[in-house]
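Subject: Structure handover and notes

Hi,

Here is the structure I promised to pass on to you. Please open it alongside this message, so that you can follow the notes as you read.

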Amino acid sequence: MADDHITINLSQTNCYLLESDDGYLLIDTGYEKDYNTFLKELKKKNLELSQINHLLLTHHHDDHVGFVNKLLNKTDLKIIAHQQAKELLKKGENDHTRGGGIINRRVYFIFKFGKLFIPDLFGLTFPPVHLRDKDILIEGDDKNVLKSIGIDGKILYTPGHTIDSISVLMDDDRIFCGDAAMSFGLWLGTKYHTIFITDLIQYYKSWKKIMKHGAKKLYPSHGKPFTIDKLKKNLGEYEPDSLIEFF
C-alpha cells in the first residue's frame, strides 16, 4: 500500500492518482476539453490509461466529470461515487435545484461576466454519465471500499457544496477534499470556501467532520494544498443568508 500520490493539474482542476493493488485510482477528471492535456500529463509521468482501474468522483460537476465518458471508452475502470450522484450524472448539468448560491459579491460578478463572455467555460454542463452495475455507489462514510483495492484510506461523505460530495481521507491524515474546501481565489475573499455552496450549514458540518477525523493537510480540486488550521480559522466566516442566488 503506497502513501504517495501523483498530482495532475488541468486547466482548472487538480486530479490525483493513488496507487492501488492493481494500478491506480484517479480522483476526478477535469472539463471535457481537458482530456488531451490529461493524456499528455500521464505520458510525462510515464503512466498509461490502462493503469487506471478506478475513478472516484468527488461530485457531479462539469469540472470534475467532463471527460469521464472518454475514459470509459478507453479503459475498463470502475467508478466510485456517492449514491446521490447517479441521477445527477445522468442529467449532464450541475444541479441547481436545491438552493444555495455564490459565496460573495466579488465571485458573483465574475460568474455573471463569465456567463456572458465565456459561455463555454461557464455553461455548467457536461456529457451525461450513466453508471453501470459494476460501479460502486456509497451511501455515506465508507471504511471498506478503498481498503479493498489496497489504498490506506477511507471515504468521508462531505456534502454542502453539493448533495453528492465525498472526500478521500488517507490513514496518514492527507485528505483529497474535492470542493469541500479550496485555496483558489483567496484574493476574492473566498476564505478557503468553494465559490458555490448549496447548503452552508451542511458545508460547515463537513468541515467539522474533516477536523474530527484528524485530517492535517488538504488537497483541494482547486488551488494549492493547505493545512487544517485554515479551516479552523475560517469556520463560520459566512452566514447562509449571505450567499447570493445565481441560477
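First, the ground rules. This is a predicted model, in which local features need pLDDT of at least 70 and side-chain atom pairs count only at pLDDT 80 or more, while totals for chains, interfaces and linings use all residues. Residues are numbered from 1 along each chain as its sequence is written, and side-chain values use heavy atoms, with hydrogens and water left out.

**The sheets**

Helices (H or I, at least four residues) and strands (E, at least two) are DSSP runs, numbered from the N terminus. Two strands count as paired if DSSP finds at least two bridges between them.

An open sheet of 6 strands runs in the order E1-E2-E3-E4-E5-E7, with mixed pairing. Its edges are strand E1 (5-9) and E7, each with a single partner strand, so one side of each has no neighbour in the sheet. From one strand to the next, the twist averages 20 degrees. Within this sheet, strand E3 (residues 23-27) and strand E4 (residues 52-56) run parallel and are joined by 4 bridges. Leu 25 has His 54 in E4 as its bridge partner.

Helix H1 (residues 35-44) packs on the sheet and touches E1, strand E2 (14-20), E3 and E4, where contact means heavy atoms within 4.5 Å. The direction of H1 makes about 140 degrees with that of E1. For such angles, axes are lines fitted to C-alpha atoms, for helices over the stretch in contact, and the values run from 0 to 180 degrees between N-to-C directions.

Strand E12 (residues 217-220) also deserves a look. E12 pairs with E10 in the parallel sense over 4 bridges, and Ile 175 stands opposite Leu 218 in E12. E12 is also joined to strand E13 (residues 226-227) by 2 bridges, and those two run antiparallel. There, Leu 218 has Phe 226 in E13 as its bridge partner. E12 and E13 make a hairpin with 5 residues between them, and Gly 223 in the turn has a positive phi of about 105 degrees.

**Leu 71**

Leu 71 sits in helix H3 (residues 68-74). With 0% relative accessibility, Leu 71 counts as buried; the classes are buried under 20% relative accessible area, exposed over 50% and partly exposed in between (1.4 Å probe, protein chains only). Leaving aside residues up to four places away in sequence, Leu 71 touches Leu 26, Thr 29, Tyr 35, Phe 38, Leu 49, Leu 55 and Leu 77.

**Salt bridges**

With a salt bridge taken as a side-chain nitrogen of Lys or Arg within 4 Å of a carboxyl oxygen of Asp or Glu, the count is 11. Here are some of them:

- Lys 90 and Glu 87 form a salt bridge at 3.4 Å, N to O. Both lie in helix H4 (residues 85-91), 3 residues apart, about one turn of the helix. Lys 90 is partly exposed at 35% relative accessibility, and Glu 87 is partly exposed at 45%.
- Asp 141 and Lys 209 form a salt bridge, with their closest N and O atoms 3.0 Å apart. This pair links distant parts of the chain, 68 residues apart: Asp 141 is in the loop between strand E7 (136-138) and helix H6 (145-148), and Lys 209 is in helix H7 (residues 200-212). Asp 141 is partly exposed at 42%, as is Lys 209 at 22%.
- Asp 171 and Lys 147 form a salt bridge, with their closest N and O atoms 2.5 Å apart. Asp 171 is in the loop between strand E9 (166-170) and strand E10 (174-178) and Lys 147 is in helix H6, so the pair ties together parts 24 residues apart in sequence. Asp 171 is partly exposed at 46%, and Lys 147 is partly exposed at 34%.

**Cysteines**

How many disulfides are there? The count is 0, a disulfide being a pair of cysteine sulfur atoms within 2.5 Å. The cysteine sulfur closest to that of Cys 15 is in Cys 177, 13 Å away, which is too far for a bond. Cys 15 is buried at 1% relative accessibility, and Cys 177 is buried with a relative accessible area of 1%.

Best wishes
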